[in-house]
Amino acid sequence: MAPAVAGTKKSVRSKTSDAKQMQQFATGLRKYIQQNADYVGPNFAEEARKIHYGETPERHIYGEATHKEAQELIDEGVDVAPLPPDIEGAN
């Protein structure tokens, strides 16, 4: 006798739907940041410190930092977070 497995197809669709929603959210978040923050390129760590310590006016920025630079910023109490990957641009 085969076991009754209820809702197998629904859960697969639900997981696919959840993944798609998460992808859409990440893409939207990335676009929002790019449209509403200043791109500082590889100077991200330096600019983030200047803002944190009040050396330059507070503003939203994004750019590149090494893992070590990001960890040092976190250790200093600077709020940083990785930008979601560019999923659409990868294709």
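Lys-50 forms a salt bridge with Glu-46, with 3.3 Å between the closest N and O atoms. A salt bridge here is a side-chain nitrogen of Lys or Arg within 4 Å of a carboxyl oxygen of Asp or Glu. The model is predicted: local features need pLDDT of at least 70, side-chain atom pairs count only at pLDDT 80 or more, and totals for chains, interfaces and linings use all residues. Residues are numbered from 1 along each chain as its sequence is written, and side-chain values use heavy atoms, leaving out hydrogens and water.

**The chain as a whole**

The protein chain has four helices and two strands. Their order from the N terminus is α-β-α-β-α-α. Helices (H or I, at least four residues) and strands (E, at least two) are DSSP runs, numbered from the N terminus. Of the 91 residues, 18% count as buried. Buried means under 20% relative accessible area, exposed means over 50%, and partly exposed lies in between (1.4 Å probe, protein chains only).

The whole structure holds six salt bridges. Three of them are set out here.

| Pair | Closest N to O |
|---|---|
| Lys-50 and Glu-46 | 3.3 Å |
| Lys-50 and Glu-47 | 3.9 Å |

Lys-50 and Glu-46 both sit in helix H2, four residues apart, about one turn of the helix. Lys-50 and Glu-47 are three residues apart in H2, again about one helical turn. Why does such spacing matter? An α-helix has 3.6 residues a turn, so residues three or four places apart point the same way. Lys-50 is partly exposed at 24% relative accessible area. Glu-46 is partly exposed too, at 44%. Glu-47, in contrast, is buried at 16%. A network of salt bridges links Asp-38, Glu-46, Glu-47, Lys-50 and Arg-59.

Arg-49 is partly exposed at 22%, and Glu-72 is partly exposed at 32%.

**The buried face of H2**

Which residues of H2 are buried? They are Phe-44, Ala-45, Glu-47, Ala-48 and Ile-51.

Ile-51 belongs to helix H2 (residues 44-52) and has a relative accessible area of 15%. Beyond residues up to four places away in sequence, Ile-51 touches Thr-56, Pro-57, Glu-58, Arg-59 and Ile-61. Contact means heavy atoms within 4.5 Å. The C-alpha atoms of Ile-51 and Ile-61 are 9.6 Å apart. Just after H2, Gly-54 takes a positive phi of about 75°.

**One aromatic pair**

A search of the whole structure finds one aromatic pair. Tyr-39 and Tyr-62 form this tilted pair, 5.2 Å centre to centre, with 55° between the planes. Tyr-39 lies in strand S1 (residues 38-41) and Tyr-62 in strand S2 (residues 61-63), so the pair ties together parts that are 23 residues apart in sequence. Rings of Phe, Tyr and Trp (its six-membered ring) pair if their centres lie within 6.5 Å; planes under 30 degrees apart count as stacked, over 60 as edge-to-face and the rest as tilted. Tyr-39 is partly exposed at 48%, whereas Tyr-62 is buried at 15%.
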